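Welcome! Here is a short tour for anyone meeting this structure for the first time.

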Amino acid sequence: MTMKGRFVLAVILSFFCLNANAQPVTISPDEEIINLNAHLYEWKEERELNASNIVQELQRLNWQKVGGSYNKGYISDAYWYRLKLTHDHDSPQLRLLEITYPLLDKIDFYVKTNGRATHYSTGDRRRYNDRPIHGRTFVFPVELAPNVVSEVYFRVQSASSHQISTRLWSNDAYIKYSNEDATYRAVYYGSQLMLIIFIFGLYLLMRERVYLLFSLTILGLLTLQAAMHGVLFQYVIPGFPLAHEYVILTSVPFILFMMLWFSSDYLNLRQRHKRWYQAYRIAALVVLLVFISAFILPYRLATMFGVGLSVPVTLLTLWTGIRLWSKGTKTARLFTISWAALLVGCLVTILNQLGIIVIPGASQYSIPTGASIQSILMAYALADRFQKDRNDKVRAQEARFDALKKQRDTEREMMRSATRNQLTGLCNRQVFEEVLSKHLQRSGHESLAIGLWHIEGFNDYHKTLGHESSETLLKTVASRLSREAAEISSIVRLDRKDDIAVANIETVTFGCIFKDLCREETLSLVQKLADILHEPIEFKGLSIEFAVRSGCAFSEPGMDVSTLQRHAFIAYGHNLPNEQQVTVYSAEMDSYSPRRLTLMTELRNALKNDQLKLYFQPQIDLKTNKCAGFEALIRWTHPEYGFIPPDEFIPIAEETGVIREVTTWVLKKAANFSSELESLGQRITVSVNISAENLRDKDFVTEIDELVKSGQMSADVLILEITETAAMEDRETAIQTLMELHADGFKISIDDFGTGYSSLAYLDELPVHEVKIDRSFILKMQENEQEDTIIRATINMGHELGFKVLAEGVEDAQAVEKLKKRGCDLVQGYYYSKPKPKAEALAWLNEFDG
């Protein structure tokens, strides 16, 4: 005996030894059909059985009784089933055991009689011709010896619904049943095909898509039923189990997609009920995604998606029909009844598939019954529609003139809609720009200006009041502004027919064009309209007052529409909400110049191409008259624009996020300079400027620590300079970061001290080593006694708090002497040296200290 034979025999003999107390089913020769579910026992397979441990595993099996119709729904587990059969007749009996659910993936079937074991392997994942007995369900021959207990075991595993219903047939009874079943199904499928051909014939005659869609829907339903009943696999694709699987996976979303498309066309939702039409479009998109997922997702998940989606889609279709029926739409009556019949059939099948309800034969007959009723009713409805359509065409010929007139009216309305904001009814941005362009072309004869008003924080009202209420509020505001502007003759009319002078440029941004006015008159009118928007509105018991930004821009010779609009947008962008004065555009406001855009693009390249340079300016100790340190200052010489001041490109670096790379570059260059100083025996400090963005960077402290650990620089010689303003932008984060840097041994210096936030209020919270008096105070010190007092107070305060004090901008010996008398610790400025490249700075140091 082969190894495989021994394995099979071991399985059967092991099963035979177990649960001997289970009573066998005694079969009478006269019994033609027996339902075996009440006699089934089951065991859930906990692990894969193999030849090495199968006997030991099976000896410990605990078989559970199974009764009635059996449905576990969608599970991935494999189950073993067992039953015992015997008969008391003198001669052998041949019986046929049928597993009635045709969509089980894998079935291993074992029969043991008189010590002889027979094994069959089938399922809808195997070719149809591999079945021991050909039929749309799974049928296995069972030979029963006289007065001998035969044992039947079968293992089932399926990605589809796990349903087990077993019947034992006599050979003649099964043949009779099979023939009758085939006849019934032939009649059913034939009648459905004839209906499909009939509806498709109506489509060819009328060329209306609704007939084609319904014929495809019925075809999809018929294909799904044939697949679920095993007929498709039996007669159409017996050699292609994978194709059969994909038919099942894709037919449900295909039916749902066609059903949505057909229902939308049949009920004319696109023209009559746009909201429902949008809902149908969204549902169709979801169904299409499920259809695509059938080729990607696992079989079980794809099946559950398709089956689960059929409920809400069918309910949506049914609900649409009920709503339209209740509103008197005649076409919705038969539509609703027919889809209700199909829905009931689908729901019964789905709930049976999922194991929620157990109805024998539900998976086989629920959908066919519902589909038959639905098809007959809808066929009648479409035939009636066909007759009405023909009559309508005759009447349409007689009413062509009226239709053409309505078409022209519709086109005019569409043209009007294309030029108006759909919510406020004001002219839209396109009209505003067209009118502005025409006036700019003849601006040599008139002065032009545009005013813009933007309602700040309107989204808060939207969230508070809800979508519909906020829209009503916006329409009220727009109407008030339009009425006021219509009374001002110097505002250009955007639509003379309706006397509209205001454009709804963006959702909550409005604009007007002013002509032939002086600057003061224009600003006065812009402010007047801003005040109108700012006036409180009584709305649903609330007094609502808007914050409004307003801006104005005046035309210049040769200016185009885009530039003038951009100027106005920049102006209102610089205007604070509720500011009492209109902001007028000026060139200083324009941070969006071509030069700035170029620098934003090229700054990162400048880092990579070594266009940035680091200069060093010495800091002198007034007590020893020795160089105590250097401040590292970054410089950028652009190939086209030449020298770019740090005040110009550092904000760009912060805005674009390049500041982190810039700071890293400066730190490495400064560390290199510090190393060279130490190699010359000069252990002095190097100060590096850092920005608020660096303080918010969670990796900044780690990056500096790694620089020190690499040996390029000592923490005690590196001073990190930050302005008061930068330190207070995000106060808590800045203080935390500076505390961590201080704990790691780094020194902190406050740059431009006295020009930012209230220094006395926050200074004691920062781990400061040094404060730098801003150069603006030093330059005025000689001529302004008040500035001298401020400097003296700052130095004294710094010393009281334990800080060193450094004065910037020292340019003459008189300032040096005065600062020395005041007790200033360090000075920095052109009097000693301008910022120099590294080599020149080292040469200067050698000469100064020498």
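In what order do the six strands of the open sheet stand? The order is E14-E16-E17-E15-E20-E21, and the pairing is mixed. Please keep in mind that this is a predicted model.

- E14 runs parallel to strand E16 (residues 503-506), and two bridges join them.
- Along this pairing, Cys427 stands opposite Ala503 in E16.

**A helix across the sheet strands**
- Helix H15 (residues 467-486) lies across two strands, E15 (448-456) and E17 (509-515).

**Where two helices meet**
- Helix H14 (residues 458-465) also meets H15: their axes come within 6 Å and cross at roughly 135°.
- This angle makes H14 oblique to H15.
- The crossing in which H14 passes H15 is right-handed.
- On the H14 side, the contact is made by Phe458, Tyr461, His462 and Leu465.
- On the H15 side, His467, Ser469, Ser470, Leu473 and Leu474 take part in the contact.
- Sorted by class, the contact of H14 with H15 has five nonpolar residues, four polar ones and no charged ones.

Technical notes:
Residues numbered from 1 in each chain as written. Predicted model: local features only at pLDDT ≥ 70, side-chain atom pairs only at ≥ 80, totals over all residues. Heavy atoms only, no water. Pairing = 2+ DSSP bridges. Helix = DSSP H or I, 4+ residues; strand = E, 2+ residues; numbered from the N terminus. Contact = heavy atoms within 4.5 Å. Axes fitted to C-alpha atoms, helices over the stretch in contact; angles between N-to-C directions. Parallel < 35°, antiparallel > 145°, perpendicular 65-115°, else oblique. Left-handed = near helix turned anticlockwise from the far one by under 90°. Nonpolar A, V, L, I, M, F, W, Y, C, P; charged D, E, K, R; others polar.
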